Amino acid sequence: MKIKYLLPMLFTAVVLFSCTNHTKETTKKETTTKFEYVVEQFADIKILRYQIPGFEELSLKQKKLVYYLSEAGMAGRDIIYDQNYRYNLQIRRALENIYQNYTGDKTTDDWKNFETYLKQIWFANGIHHHYSTAKFIPKFSKEYLDSLLKDTKTTLQSEAYEVIFNATDTKKVNLDASKGLLVGSAVNFYAPNVTAEEVDAFYASKMDRKDETPIEYGLNSKLVKNSDGTLEEKIWKINGMYGKAIEKIVFWLEKAATVAENDKQAEALKLLIEYYKTGDLEVWDAYNIAWATNTEGDIDYINGFIEVYNDPKAYRGSYESLVQIKDFDMSKKMAVVSSNAQWFEDNAPLMEEHKKKNVVGVSYKTVNVASESGDSSPSTPIGVNLPNNNWIRQQHGSKSVSLGNIIHAYNEAGGTDRLKEFAFNEDEINAEIKYGQLADKLHTSLHEVIGHASGKINPGVGQPKETMKNYASTLEEARADLVGLYYLPSEKLVEMKISPNAKGIGKAAYDGYIRNGLLTQLIRLNLGDDVEESHMRNRQLVAAWAFEKGAKENVIEKVVKDNKTYFVIRDYDKLRVLFGELLREIQRIKSEGDFEAGKALVETYGVKVNQAIHKEVLDRNSKFKSAPYSGFVNPVLVPEKDADGNITDIKITQPNSFAEQMLEYAKRYTTLPSTN
């Protein structure tokens with residue numbers, strides 16, 4: 001599971017890798033002068049940079065490990081494009097060819113709109129928005145694209161050409177079952193002629209509800225229909241689907257294994273390599289156990305088909321990669337969270353039968369990212385908790401990380417203008433400025449370490465993707481959020497010396513969460529849209545449910561002041577009780593596999609938007625120029641070599657622009673054909 005950075009929630013200062021003989025990109029050397037965090041802005045996107053604290057203190061062997069793991073991650077970059085939509089690679093490559101070879105007038109609005117459209121594709125890893133998953137609508141005409149194709153001698157197949165402009169495949173991920181979960185989703189995890197009902201039947205025939213150690217069925221494959229009507233999984237592995245890209249991933253992973261920091265890390269890498277070679281999900285489980293139980297070393301990574309948010313059926317994992325270096329100081333400070341995991345479980349407002357009696361192996365670290373790729377880039381999480389397989393988490397533990405340098409970069413690039421617009425009064429503004437950053441860090445750690453690791457499923461009840469189906473991700477994120485919200489005002493955090501003021505932290509966190517869930521996250525939607533993205537649904541669900549259930553006692557009051565709407569918390573203690581009640585109910589739903597209750601919660605509170613309030617929010621936000629979404633270019637790891645080709649050091653530079661890095665990636669990491 002991962003937690004995404006949310007600009008509207010945290011208004012205040014909150015939250016290419018190229019060998020020297022390959023790159024021709026102009027880069028900025030990292031220096032001790034003031035670091036430029038903001039690269040550029042286009043559409044609804046702001047591009048940022050991040051630094052890698054601690055990299056220079058690593059040994060040469062560790063630097064090589066970081067470099068090899070980074071290259072492995074980048075080698076799979078084409079995969080996420082193809083997973084997101086079957087025409088993405090064709091479209092991206094055609095538009096990149098135009099961008100690099102067009103010699104006509106580049107001062108026109110048409111060219112600027114073309115350039116913006118291409119940058120949107122780069123940012124979203126395809127032609128659908130990274131967050132709303134709606135298809136981008138180009139602001140240039142067919143005729144203009146035709147002229148660019150002709151002038152640059154670029155070809156684009158008719159089907160791929162037509163989808164740029166027509167009204168088909170308008171959503172990458174559709175979670176509205178009435179529109180057809182698969183029929184309404186453009187994501188390339190299923191052949192177009194496969195139905196949701198067929199998927200259910202296919203996996204129901206494979207799964208054994210009594211199996212206490214089930215594999216993650218469907219995680220690493222595309223499901224297609226043969227000519228005789230039977231379904232078949234096209235496995236993502238060497239000599240299988242995406243085989244050419246996976247060969248490159250494995251090439252770099254094998255190099256990484258030679259410079260592993262310890263035997264357990266090397267063992268895990270070798271299991272990951274075996275998994276990529278065989279596609280065997282039992283090997284994937286063995287790898288995850290080896291990875292989760294290796295908590296030593298300064299370098300860690302994530303690589304694979306992991307999160308299932310992009311699959312409306314919640315089976316298939318999107319490719320992603322993260323390479324990270326431990327932040328020693330912050331990890332030491334925050335280790336107390338994981339060491340107290342059993343206390344949090346014992347004192348949670350859950351039914352006793354849904355609590356874990358022995359919470360094992362919860363590891364929490366603050367890390368500094370060195371590289372991101374696939375579904376983690378350019379839009380990045382700020383926290384990650386893995387592995388996702390529930391039985392592995394319960395029996396062997398999990399790792400939670402907070403991406404410290406990413407959060408820092410967001411903070412440095414932030415501002416307070418939107419906060420002042422949407423916060424009710426000066427007290428709320430000052431509390432956010434004083435406690436907002438720390439409240440966010442603590443909520444992230446509690447969400448990832450305690451939230452996702454808490455609770456247990458009743459014996460004989462299937463995994464959430466089976467029982468909760470298209471509502472699984474929303475309910476899981478709501479559950480983890482509620483764990484954090486419930487404990488943020490606790491004096492236990494002060495006792496643990498990670499919170500200076502439980503009351504102040506709790507108030508700032510509660511104000512920000514309700515403000516975001518009921519108001520400010522709406523700036524990310526077009527007027528008239530439902531909430532589709534799982535994290536957005538979960539926040540609205542929690543905030544709207546608490547508002548309704550506390551209405552009788554005026555726990556949260558809707559206030560209109562100067563024709564502006566605010567949601568003002570009048571009783572923080574009672575709100576905490578409400579959060580606990582909702583947490584208890586969502587855990588019951590998960591533990592018992594109560595699909596109808598889970599569906600009712602999401603559909604009642606998490607999907608529909610008050611249109612009058614939405615319009616007001618958009619009007620109030622229109623005066624701000626800062627984009628609502630942010631993401632990152634990666635620092636460039638440049639190996640220095642001696643006369644024999646041996647790496648003697650690795651230096652860090654920064655790219656000048658988003659386009660330069662994306663084009664360099666296209667040149668260096670093209671590993672798949674345009675159709676797969």
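**Salt bridges, pair by pair**

Mentor: Start with R86, which is partly exposed at a relative accessible area of 29%. Keep in mind that this is a predicted model. R86 forms a salt bridge with D169, and their closest N and O atoms are 3.4 Å apart. R86 sits in the loop between α2 (77-84) and α3 (88-101), while D169 sits in the loop between α6 (158-165) and α7 (196-204), so the pair ties together parts that are 83 residues apart in sequence. That is one of 38 salt bridges.

Next, E421 and R620. Their side chains meet in a salt bridge, with 2.9 Å from N to O. E421 belongs to helix α15 (residues 417-422) and R620 to helix α24 (residues 611-621), so this bridge ties together parts that are 199 residues apart in sequence. Are the two partners buried or exposed? E421 has 6% relative accessibility; buried means under 20%, so E421 counts as buried. R620 is also at 6% relative accessibility and counts as buried. E421 and R620 are linked with K564, E616 and K623 in a network of salt bridges.

Together β12 and β13 form a hairpin with two residues between them. In the turn, D562 has a positive phi of about 55°.

The hairpin brings us to the last pair. E557 has V568 as its bridge partner in β13. The side chain of E557 also meets that of R570 in a salt bridge, at 2.8 Å from N to O. E557 is in strand β12, and R570 is in the loop between β13 and α22 (572-592), 13 residues apart. How open are these two? E557, at 26% relative accessibility, counts as partly exposed. R570 is partly exposed too, with a relative accessible area of 42%.

To recap the contrast: E421 is buried, R620 is buried, whereas E557 is partly exposed, and so is R570. R86 is partly exposed as well.

Definitions and conventions:
Residues are numbered from 1 along each chain as its sequence is written. This is a predicted model: local features need pLDDT of at least 70, side-chain atom pairs count only at pLDDT 80 or more; totals for chains, interfaces and linings use all residues. Side-chain values use heavy atoms; hydrogens and water are left out. Two strands pair if DSSP finds at least two bridges between them. Helices (H or I, at least four residues) and strands (E, at least two) are DSSP runs, numbered from the N terminus. A salt bridge is a side-chain nitrogen of Lys or Arg within 4 Å of a carboxyl oxygen of Asp or Glu. Buried means under 20% relative accessible area, exposed over 50%, partly exposed in between (1.4 Å probe, protein chains only).
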